[in-house]
Amino acid sequence: MSLLLLTVPLLPWLLALGLVSDSVYRKANWLIPCAALPALAVSALFPSGTSMDLPWLLLGSSLGIETPVQLFLALMGAVWLGVALVVGSGFHDKTGRRLAIFYLLAMGGSLGLILARDPWLFFFFASVSGYALYGLILHQGSDEARKAGRRYLVVLILGDLLLFEVLVTLAAEGGDFSTLHQAMTNPDSRDLLVGLVLVGFAVKAGLFPLHLWAPLAYRAVPVALLPLLLAYQFGQGVLGWIYWLPLGEVALPTWGFSMQVVGVASLLFGLLVGMGQVRARSILAYISVALAGLVIFAMGRVLEQPDSWPMMPEMLYFVVPTTVCGMTILWLMACKISPLRCWLNSRLNGWSARRDNILRKLPDIPLAFLRPGIRWLNFITNRIHTTVMVRLPTQRDLFLTWIGRKWLAVDWERTLNSLESQLGQWSVAISFLVLLGGAIAVLAL
Amino acid sequence: MGISTVSIPWAIWTILLPLAGSLLCFLLPRRAALLGQAAAFSIVVPVAGLGWQVATHGIQRYAVGGWGAPLGIDLYADGLSSLMLIMTALVGLGISLYASAYFERRKAQFFWPLWLFLWAVLNALFLSGDIFNLYVTLELLGLAAVALVALAGGADALTGAMRYLLVSLLGSLCYLLGVALLYHAFGTLDIISLGRLMMPMPAVWTAMGLMTAGLLLKTALFPLHFWLPPAHASAPAPVSAILSALVVKASFYLLLRLWLDLFPEPGAAPRLLLGVLGAGAILWGSLQALRQKRLKLLVAYSTVAQLGYLFLAFPLLISAAWNAVVYFVLSHALAKSAMFLAVGNILYFGGHDRIDELDRIVQRLPLTMTAFAIAGISIIGLPPSGGFVAKWLLLEAAFSSGQWGWVLVVISGSLLAAAYVFKVIGFAFTQAKVLHETRAVPTIMEWTALGLALAALALGLMAPLPLELMDIGAPWVTLIGEELP
Amino acid sequence: MNWDEWLPLLIVCSSLLPGLVIFFLSERKVVARTVLNLGGAVAKLMLVLILLWGVLHGHHYETRLPLLPGLDLVLRADALSLLFLPLSTGLWLLTTVYAIGYLEDSPHRSRFFGFFSLCVTATVGVALAGNLMTFLLFYELLTLSTYPLIVHRGTEVARRAGRTYLIYTMLGGALLLIGTVWLYGLAGTLEFTEGGFVAAGSSNSRAALIAIFSLLIAGLGVKAALAPLHGWLPQAMVAPAPVSALLHAVAVVKVGAFGIVRVVYDVFGIEYAEWLGVTGPLAVLAAVTILYGSIRALFQDDLKRRLAFSTVSQVSYITLGVAIVGPIATIGGIVHLVHQGLMKITLFFCAGNLAETLGIHKVSQMNGVGHRMPWTMGAFTLGALGMIGVPPLAGFVSKWYLGHGALEAGQNWVVLVLAGSSLLNAAYFLPILYAAWFREPPAAWPSERSFGRWETAWALLLPPLITAFMSLLVGLLAAAPFSPLEWARLIATREYGL
């Protein structure tokens, strides 16, 4: 029965694979929402503690499910199911197949990672869904989408690299999360690991000041897919923190404190900037940033005082997905029911323009600081580029042609020619002969 | 030295058979090609018999006509000479097959008697045990070779032949002077008796200088190689193959015999001199080859370069180095004859041998080009080929005697050889701007070239066999232990 | 036991003989040629499987033929060769299928497939070589048999590329030869031994051994495309796509890397090499190559050139893994031998498909090509993501072991190199993927050919799909028994005597 755990990621992926074929796509596209059903079934039917070992997978992995996670899985499943239902006929139009495939790939990954019991598997699922989400962000193909996609990709790769470094640093082959937590209690590697995990997932969670991709992405994705971004931020970023950090096992006061500071900053930033936004999507984006701040604040607290952990899981596992769910529902309604949307729009647009103008500049502020730096960076990379890619090869080519010309040059040819014909003259040849005979006789003496 | 008497004097037959063939061809010019081929095939039997005798019973010695050493003609066969005979037989067979299709009847009636005569003289040279007989064979060899070069007709060939004749006579003259000096001093001509009587004295050194210089001229060691490229390039293809593969080897063989069997151990200086000249030959010959625009000249200069390797053994003077040099002789004979025959095919096919107008020869004469490429591999010294084994042994000797310079010379020689061989192969793939009339090449000519090239390749896969054979009674075996410090 | 003595030789001959026969087939005998080609490839695969089965059951396979006095031609099945052998054999089968499809109706196919078979013969010989002499022999044979493939098209560009290739490889071969002879003079043997045969008689002079090591590595580095010696590789791209696939994934480059592995592990022995102090510079060289190759790849518009520079970078992972002294990094390096092969061959197959079907040669022409050829681009995507190191693809596993191994060996800088290379990989591969999947396709492709039902000929489509799937599989099932990773682990265990 535990084999069914595998269906949570596999069913969506297999379906995605199947959709590549035309006939499957035509006949079975109604199945797309159903791909989320195994997750719901697993969370509802399976007893806590069900697990399944997959020693052949990656470095040896296992899937499993426990009480608080069950709820999380159920809610996330619901989000994916809901979005699929809302998109509905959107899977059938011209670019629908692509959309469906990326959607299913992302779904399999992000539902699967909830069940992962070790960092490798988690990382694997997270990457798959992360790259699939890139496809979703780009789906509309507008300039805005491309820009958002680019930035998202940079962030994604950076985050993955950091997490990869964690796995590398772990200096262990295989093992589950406890191995990682063990390593985080070791004072030598602790700070590095915790820092990498924090930053690596902060990128995904859209925590201030690493949130820069989020507003763009929220603006770029199709309306119906917006909840998926939320699900990504919380289902991967935040869940990553929860899984990867040794919450409740060890006290890391410095880290805890800094996290709380960042959390507050993120919260404030998200709220303040969010309020100033005109477009509802952007508001949603900044609210997600604020929420991420809230979560990290809570976790910072746990890291500072490990004994406060026992009451936390419920809070985290419950609050986070409920928020996501709630916002999803809100959003679905907004999508589906146009009066509501009108109302929202009118409310949002009604705010005074003056306040807008002041506040709208806020997100630009960090960028303004960065700008000279970026310019310098540009300058230097350009320099390096011209030197390494243009100047050096040119010089080399010049050198080679010079050599080549020398080789073919008439004087070189003439030297060889004239020497050879000199050797061919009888007087020269005979003197060589005599000299040689004499030399051998004399030298032998 | 275990000299055994075996019932059949194979050695004599190796000389008599080609001589008889030559006479028959001369007397029956209409049947020359057929008779010549029959003779070529029949020579294989005594050569194989002699090889077997030497391999199983050690050194063989025959007194022709029943007279002994000081007066009569002695034939002397050890591992080295029987290996040379085998090499000559192999190459000779290939060339005979090739020539049967190559020459039209008018030329054939001159070619076959001369060629079989040359073959007989070569065999006699490899089997002679006294220095005067060696002189006679050397002189006859030169004359036969000159006549063969002149066979092509035309101004180029005649100029080349004339120059070759003068060189040949000059070289033989030097050699004869040395023989006279030695006879005057010791009163015998037999190599082995002379070797026993030999003592360091000015006459000996003078003789040595004269004989060596003469032989170097005939071996075309740089800087005395001037006559070789025109002669080899202007001759008909089978003749070029004979000259490059066999004739120059004969004078080198003689040199080897003299330095190892006859003369007392000379100091390091003359050996170094020969080595330096060899190195010069390798570099100079390869550079000249690289520069050539005509294929046949390229191959001829490649011979100049390859001959240089043979002299690298002198400064090394370790038995491995001698093995290497003999191996060089074998593999070069096979590879170079294959190469000349392949070039002959190309010339026959397109009527020209300009390298940059080879024009997709790869597709149009695939067998010939394969032969050229395989022979090239052996010339470059890439594995698996005879050239590689030889180069390996030479490098090993250079390393074990700690003489680094020669390693560099050998390697740069290989690289230059690769450059000129692949220059040809590269142009064989591309389309030329100028188109030439072509005529079909007889299949047998393509296959003989390929066969010889494959033999050169096989030499790289069965090295232990010839290496064992050449050590039987070899002069350098006694030298082990006298290696350079 | 006679069988055991001849099996390695049979494996070598199973491609040599069909190859030689193919040379003499006329152009029109397509069926006979195809049967010979595929028959040889399948027979070889079968023989290799028998060999694997036998080794698992404790048989010892060794062919020994005298080559020179004191030096034999040795073909032996040891752990390292059993990693490389199935790879080259399996990929050869696929590449043959691909090449048959690719070269349909093009001239000089007999010549092509003849040399193609010779090329694989040489590769298999290198894999099975039991001493440095045998290795050298097949190494040079490989050089010679690839040259006609590179100049196959017979154009002036091809001739020049061939010349460059030869200049580099001949120089490399010469250095290798010098090193080998010198080593033979010092050590008196050339037999590959686990833990190294030089280490055993370590009374030799250190300077000489360092010089020999440098000579050998420089010689092999030419084929392995180590940084200053890689110049031939991008030029060799004029060859037809199956040849590029073969050059990059199965034969030439791989043989160079395999040779470096052999030299470090079985000639010198890793610990002895470390004592000589040569592994550090080698690691630095590899790291420089990795970054340099990636940076150059970034600026290529020609798809195959971009892939070529990517190879320069990726193959050095193997060298890097070898040069970091430590069992984990060793695993990473050795396993990358297989992984890189699978991924890179996929990419080249796909590039060939694009060129053959749509006439696309440049990255800038690839807009929207994913809509026209979804299967091909799907395989390409898997290969590219694997190169970047996205889990669970093959590249991830190797990168993980390399990074982990470097940290274990206390060489933290390597992790930065890996991270930088991953970033650069992403920077030059992702734009391709983006353009292929998300840009609008142009109104017309440069030169489109129709293949009926499928997006391209099945013989062109099947091989990349299989290799892409395998590159997914070896990453996903890395811990399964008989996976490349497990083999690599076995080899590392033996080398370090754990």
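Predicted model: local features only at pLDDT ≥ 70, side-chain atom pairs only at ≥ 80, totals over all residues.
**Two interfaces**

Let's start where the chains meet. The size of an interface is often given as the accessible area lost when the parts come together. Here are the values for the two chain pairs.

| Chain pair | Residues in contact | Buried area | Share on carbon and sulfur atoms |
|---|---|---|---|
| A and C | 32 residues of chain A, 35 residues of chain C | about 3100 Å² | 77% |
| C and B | 31 residues of chain C, 32 residues of chain B | about 2800 Å² | 86% |

**Chain A against chain C**

Salt bridges between chain A and chain C come to zero, and two residue pairs are in polar contact, both at pLDDT 80 or more. On chain A's side, α5 (96–115), α6 (119–137), α7 (143–169) and α17 (364–408) each put in at least two residues. The top contributor there is α7(A), with nine residues. Sorted by class, the side of chain A that touches chain C has 23 nonpolar, five polar and four charged residues.

**Chain C against chain B**

Now for the other pair. Three residues, C:L68, C:R159 and C:V181, supply 18% of the area that chain C buries against chain B, more than any other three residues. Again, the salt bridge count between chain C and chain B is zero, and two residue pairs make polar contact, both at pLDDT 80 or more. Chain C's side draws two or more residues from each of β1 (62–68), α5 (132–150) and α6 (156–187), and α6(C) gives the most, with twelve residues.

**The nonpolar core**

The largest nonpolar core holds 527 residues. Which of them touch the most other members? That group is A:Y103, A:W241, A:W244, B:Y175, B:F372, B:W392 and C:F268. Helix α14 (residues 319–350) of chain B gives the most to this core, with 21 residues.

B:Y175 is a handy one to click on. Leaving aside neighbours within four places in sequence, its contacts include B:I131, B:L134, B:Y135 and B:L138. Also in contact with B:Y175 are B:L210, B:M211, B:L215, B:L254 and B:L258.

**A serine inside chain C**

One last stop: C:S310, which lies in helix α14 (residues 303–323) of chain C. Is C:S310 buried or exposed? With a relative accessible area of 0%, C:S310 counts as buried, because the cut-off for that is under 20%. Setting aside neighbours within four places in sequence, C:S310 is in contact with C:A297, C:K344, C:M387, C:Y428 and C:F429.

Note on methods. Residues numbered from 1 in each chain as written. Chains lettered and ligands numbered in written order. Heavy atoms only, no water. Core = buried A, V, L, I, M, F, W, Y, C linked by side-chain atoms within 4.5 Å. Buried < 20%, exposed > 50% of the residue type's maximum accessible area, 1.4 Å probe, protein only. Helix = DSSP H or I, 4+ residues; strand = E, 2+ residues; numbered from the N terminus. Contact = heavy atoms within 4.5 Å. Buried area = accessible area lost by both parts, 1.4 Å probe. Salt bridge = Lys/Arg side-chain N within 4 Å of Asp/Glu carboxyl O. Polar contact = N/O pair within 3.5 Å; in protein donor to acceptor, adjacent residues only side chain to side chain. Nonpolar A, V, L, I, M, F, W, Y, C, P; charged D, E, K, R; others polar.
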